[in-house]
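Me: I'd like to go through this model with you. Can we start with the terms and then take it piece by piece?

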Amino acid sequence: MPIVSVLLPVRDAGPWLASSLASLARQTLVDLEVIAVDDGSRDGSGEALERAARLDPRLRVVRTPPRGLPAALATALELARAPLVARHDADDLSHRTRLERQVAFLATHPQVDVVGCAVRLFPSAATGVGMRRWERWHNSLLTHDDMVHELLIDSPIAHGGVMLRREALERVGGWREHGWAEDLDLWIRLAESGSRFAKLESCLYGWRQHGANSTRTDERYSRENFIALKVAALDRGMLAHGRKAMLVGVGTSLERWRTALGTRLAASVELRHAPEDVASVLSGPVIAAFMAPEARARWRIRLRSHGWVEGRDFIFVA
């Protein structure tokens with residue numbers, strides 16, 4: 001039985017598939033299997049996968065009609081045999097030591113269920129300002145608390161570069177199709193179940209940027225669907241049982257979240273800086289809508305200095 005099952009969903013990845021597969025073939029961890037699910041490709045990716053599988057018996061190929069990423073991942077997981085599950089995308093690159101280092105980390109940290117790694121976006125000419133900002137933010141979040149506290153900002157773990165314990169993944173039902181970002185949805189459900197997160201500081205995954213990236217073209221990753229996902233998480237968490245919150249923020253972020261939360265709010269107020277006397281202005285729980293990491297850092301310092309607990313008394317959204 002392999003140590004790791006690598007789940008590789010593929011949809012029209014022809015220009016990049018060979019280099020992506022090569023980065024898996026040269027892994028220093030050899031006791032692995034790669035389960036590639038061709039999700040209705042029309043560019044010859046399925047045939048390319050089958051040719052590659054004839055050369056490497058560790059590569060198993062399944063071809064299905066086009067059903068979308070969550071369904072492709074669910075199919076791959078059903079076929080996986082290993083106790084550890086890794087992700088890798090068909091247009092990306094994994095450093096040759098990535099899987100070995102993640103396996104070693106999980107072996108020595110039994111309390112951790114999910115381990116990511118720092119990522120590099122490439123090529124630089126195709127990487128916009130917003131994605132560079134995301135890369136810096138992502139790579140700065142290294143501890144469990146760092147990642148969990150930013151879950152309602154964006155995905156704090158690059159999906160393609162993650163490794164998980166299969167038991168934890170199956171405990172929350174794996175990947176699900178809700179019409180929104182399947183990776184952030186999974187991280188939130190894992191956090192709710194008590195799973196612990198970690199991230200290797202080394203840059204072990206290359207996320208290729210191009211015009212066909214699903215984050216740019218798939219409606220699942222629209223701002224509206226991200227907000228719907230985050231509101232659903234708040235309804236299960238801080239706002240469960242009809243609890244109402246105070247919303248703070250500035251500008252368009254404040255207005256966007258005021259609209260999204262509606263009657264879930266007891267009040268909303270425009271505040272750029274956390275007041276010195278928090279209790280005189282704010283009453284918890286507080287939902288703070290700030291896009292800038294620097295603004296969130298300033299608010300965290302002030303709220304924590306007054307004994308407020310993140311996740312219970314306040315939470316950040318973006």
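Reply: Contact first: it means heavy atoms within 4.5 Å. Helices (H or I, at least four residues) and strands (E, at least two) are DSSP runs, numbered from the N terminus. This is a predicted model, where local features need pLDDT of at least 70, side-chain atom pairs count only at pLDDT 80 or more, and totals for chains, interfaces and linings use all residues. Residues are numbered from 1 along each chain as its sequence is written, and side-chain values use heavy atoms, with hydrogens and water left out.

Me: OK. What do the buried residues of α10 pack against?

Reply: They pack against α8 (182-192), α11 (251-261), β11 and β12. Buried means under 20% relative accessible area, exposed over 50%, partly exposed in between (1.4 Å probe, protein chains only).

Me: Which residues of α10 are buried?

Reply: Phe226, Ile227, Leu229, Lys230, Val231, Ala232, Ala233 and Leu234.

Me: Which residues touch the most other members in the largest nonpolar core?

Reply: Trp187, Leu234, Leu282 and Ile287, out of 104 residues. α10 gives the most to this core, with 7 residues. A nonpolar core is a set of buried Ala, Val, Leu, Ile, Met, Phe, Trp, Tyr and Cys residues joined through side-chain atoms within 4.5 Å.

Me: What is Trp187 in contact with, leaving aside neighbours within four places in sequence?

Reply: Among them are Val114, Leu151, Ile157 and Phe197.

Me: Switching to the sheet. What is the strand order?

Reply: β10-β9-β11-β12, an open sheet with parallel pairing. The edge strands, β10 (265-270) and β12 (314-317), each pair on one side only. Two strands pair if DSSP finds at least two bridges between them.

Me: How many bridges join β9 to β11?

Reply: 4, between residues 245-249 and residues 286-289. Gly249 has Ala289 as its bridge partner in β11.

Me: Now Arg220. Buried or exposed?

Reply: Buried, at a relative accessible area of 10%. Arg220 sits in the loop between α9 (214-217) and α10 (223-236). Its side chain makes a polar contact of 2.7 Å with the side chain of Glu177. A polar contact is a pair of N or O atoms within 3.5 Å; within protein, one must be able to donate a hydrogen and the other to accept it, and residues adjacent in sequence count only if both atoms are side-chain atoms.

Me: And where is Arg312?

Reply: In the loop between α13 (293-305) and β12. Arg312 is partly exposed, with a relative accessible area of 45%. Its side chain makes a polar contact of 2.8 Å with the side chain of Asp313. Arg312 and Met238 are 74 residues apart in sequence, yet 6.7 Å apart in space, C-alpha to C-alpha.
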